[in-house]
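Q: Can we go through how some helices pack in this protein, and then look at a pocket?
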Amino acid sequence: MTRKTLLARRIPATLCLSALLFSTPVSASAGSPANMDAPSANVVETICGEAVADPYRPLENLKDPAVQAWYMREADHARAVLDAIPGRSELIAKMVEFDKRRQEKIFDLSITDNDCYFYLKQTPADETGKLYFRKGFKGKERLLFDPDTWKNVTGSTYVVSEIAPNIDGSKVVIGVSPNGSENAILFVMEVESGRIYPERIDRGRFASPSWLPDGNSFFYNRLNSRDPLDKNRQKDSRIWLHVVGTNPATDREIFSRAHDANLPIKAEAIPSVVYDRKSGKLFAFVGSVDPRVTAWYAPTDALNEKVIPWQPLFRPEDDVYDFVTTKQDLYIYTPKNAPHFKVLKTSLDQPDLASAETVIPEPADATLTGLALTSKGLFYTLSFNGVREELYHLEHDGQKPEKLDTPFDAGTMAITSKGFDHPEMWAIMGGWSHDFRRFRYDEEDKRFIDETLSSKASYPEYDNLEVREVMVPSHDGVKAPLSLIYNRSMTKDGKNPVLIYGYGAYGNSITPFFSPSLLLWTWKGGILAVAHVRGGGELGDAWHKAGMKTTKPNTWKDLIASAEYLVKKGYTSPERIAINAASAGGILVGRAMTERPDLFAAAMPQVGVLNAVRGETSPNGPVNVPEFGTIKNPEECKALLEMDAYHHLRDGVNYPAALITAGMNDPRVPAWQPAKFAARLQEATASGKPVLFFTDYKAGHGIGDTKTKQFESLADMLSFGLWQTGGSDGDKATE
């Protein structure tokens, strides 16, 4: 299968943050709001049975010239202030220096059963990854596609956002997306000759191409609108079957709410159809942010029928989070009656969850996080508090698993294989102070073989790092994990600048990762703190459920408790703490700073969810209902209002300094969410501290940004944070 949890577990996106000291401070007045003329209106509506004012509702109309003029004025003002912070240019220079130490970075690797390697490679001279091919790990690589050659009259910058080779690697679907929009345009390349077929398929944000065994046709998802502001853009998307070399207008519709009206498919659900080469069957899914699988299946020859007679496989109430197949078996990953997860086994042709065999039981003191099926047995990973992972091997029909001694103690581990009929198993390992390495496990000789594709680099700046993992009592007595990374020479004098990062949504875990740019904060004497708050998955499925919908306040209260812990233990003080998160993490940062404005010096939500009660009005909103709730349900409506940072701002409060960002091409969180929060915060705050709002007109959610844009946005955030916390031996911004 091609699902992206159990079977293709990803290393978390690296937060390439970094920071340098400044020699001179910038006065707080430099960042004062330049424009208090944000378009507003006397909008009051009834939400959850109470009248709620929404004065900056006009900012949602991104097609209004007056609204756009305000966004641009705010962006220009923020740009001028950020560019003037001493040390920002040095920050970018250090990032560039780090980047040059690694000759090449390889990512988004896909390996076919016959050992064709497809991957993106980026050198210090490249702004984005280029698509390469090689036959086998030691094969000679060949450039297949350079996205820089994909230009148009608008001057858009394209990145490769989709790589889907067919089963034998003779053809590959390539998707390119402009300016961080994630709006992929698909085309097909013949690998040996480099020939690109003439057809183009647009509206491919959720394309997920899946090839059929003929090697000449594939399924894909297509949205119904090109307009990112169309509220119905993501509703009723459809699965089509494309034959290479033909006009997409003639593609056959395979699966959708309209086409399969007898199936329970919601308008906002994202459908997909996969040919599973291991079982030889077709699987149909409808998905949202709900991790529970809804799926049907059918034999491949059912494609000959006008409407495929899909048979039910899993319903949401089955609590199946993922699965993998053999020719006759289903291995099922589930938290049902096992909040730390277990793996069950049942028949593929006649699945019976009630009588399924438990292959890997729920661990007592860890969370089962990954599974790879090979001809040599099952490999799986256990995570302890989300910050340490162990690897195990269980032979087919074996009774006792074997714990494998990995090359180093891994904080994060992702395991992959080619499936039950191949022996290979790879493990990617990393940690807070260990760069990621990729190893193939040789089961015959019981050894790990380094097959890292990216070139190695040395960072002596971090030879003296210390990592401390602690458990912090939260508001209700529940202990939340907190990771602390700092230089061994650090002293507990209450004056250390602290950067607290968190997320807390969708059951996603922030597992240890190595980022030289982010670690510059520690190199200059600061403390990096990662708060593993509820809503994430660090402590299993129950940890996720304890921070979603009506339990969402636990998410930001865990962050507040982490900050209080750092002050109480003498690491820092409130005027030295900066907090940062992105996307759904906007709820975390926004509500932490509105509930405890006295506890933080700076808050930096990036492309953040800051107006939760209006989320369902955006194109990407309905699909997020399983995580955050809906205003149509009275109880969930109140929960949405409680997690809405915009509606919790109050006049005359001394709020922290804030750097708030948005991407005008963002398909996930529309620019008006952070915009409304920024406008209201500028109006409400009495602290005199800067409130900057920067909208990037050539970016989206941060996915697909060029390297230079990544460096610049990270330098903005870190320089702003150090400005407000004073750096390690610099001056704190005057208030």
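Predicted model: local features only at pLDDT ≥ 70, side-chain atom pairs only at ≥ 80, totals over all residues.

Q: Start with α1 and α9. At what angle do their axes cross?
A: Helix α1 covers residues 65-83 and helix α9 covers residues 672-684; their axes cross at roughly 70° and come within 12 Å.

Q: How are α1 and α9 oriented to each other, then?
A: An angle from 65 to 115 degrees counts as roughly perpendicular, and α1 and α9 are therefore roughly perpendicular to each other.

Q: Left-handed or right-handed crossing?
A: The crossing of α1 past α9 is left-handed.

Q: Which residues make that contact?
A: On α1 they are W70, Y71 and E74, and on α9 they are W672, A675, A679 and Q682. Sorted by class, the contact of α1 with α9 has five nonpolar residues, one polar and one charged.

Q: Next pair: α2 and α10. How far apart are the axes?
A: The axes of α2 (residues 88-101) and α10 (residues 707-725) are 9 Å apart, and the two helices pack at an angle of about 135°. That makes α2 oblique to α10.

Q: And the handedness there, left or right?
A: α2 passes α10 in a right-handed crossing.

Q: Which residues of α2 are involved?
A: From α2 there are R88, L91, I92, M95, V96 and D99. They meet a set in α10 that includes K707, F711, L714 and L718. The contact of α2 with α10 divides into eight nonpolar, one polar and five charged residues.

Q: What about α5 and α6?
A: Helix α5 (residues 553-568) packs against helix α6 (residues 585-595) at an angle of about 65°, with the axes 9 Å apart. Their crossing is right-handed. T555, W556, K557, L559 and I560 of α5 make the contact with I587, L588, R591, A592 and E595 of α6.

Q: How does that contact split by class?
A: The contact of α5 with α6 has six nonpolar, one polar and three charged residues.

Q: Switching topic. How much space is in the second largest pocket?
A: About 740 Å³. The second largest pocket is lined by 30 residues, and K266, E268, A269, S288 and P626 lie nearest its centre.

Q: Which element gives the largest share of that lining?
A: Strand β17 does, with three residues. β15 (281-287), β16 (295-299), β17 (311-314) and α7 (625-628) each supply at least two.

Q: And the classes in the lining?
A: The lining of the second largest pocket has 15 nonpolar, four polar and eleven charged residues.

Conventions:
Residues numbered from 1 in each chain as written. Heavy atoms only, no water. Axes fitted to C-alpha atoms, helices over the stretch in contact; angles between N-to-C directions. Helix = DSSP H or I, 4+ residues; strand = E, 2+ residues; numbered from the N terminus. Parallel < 35°, antiparallel > 145°, perpendicular 65-115°, else oblique. Left-handed = near helix turned anticlockwise from the far one by under 90°. Contact = heavy atoms within 4.5 Å. Nonpolar A, V, L, I, M, F, W, Y, C, P; charged D, E, K, R; others polar. 1 Å grid on protein atoms, 1.4 Å probe; cavity = no way out; pocket = protein on both sides within 12 Å on 5 of 7 lines; lining within 4 Å. Points joined across faces, edges and corners; volume = space filled by probe spheres on them.
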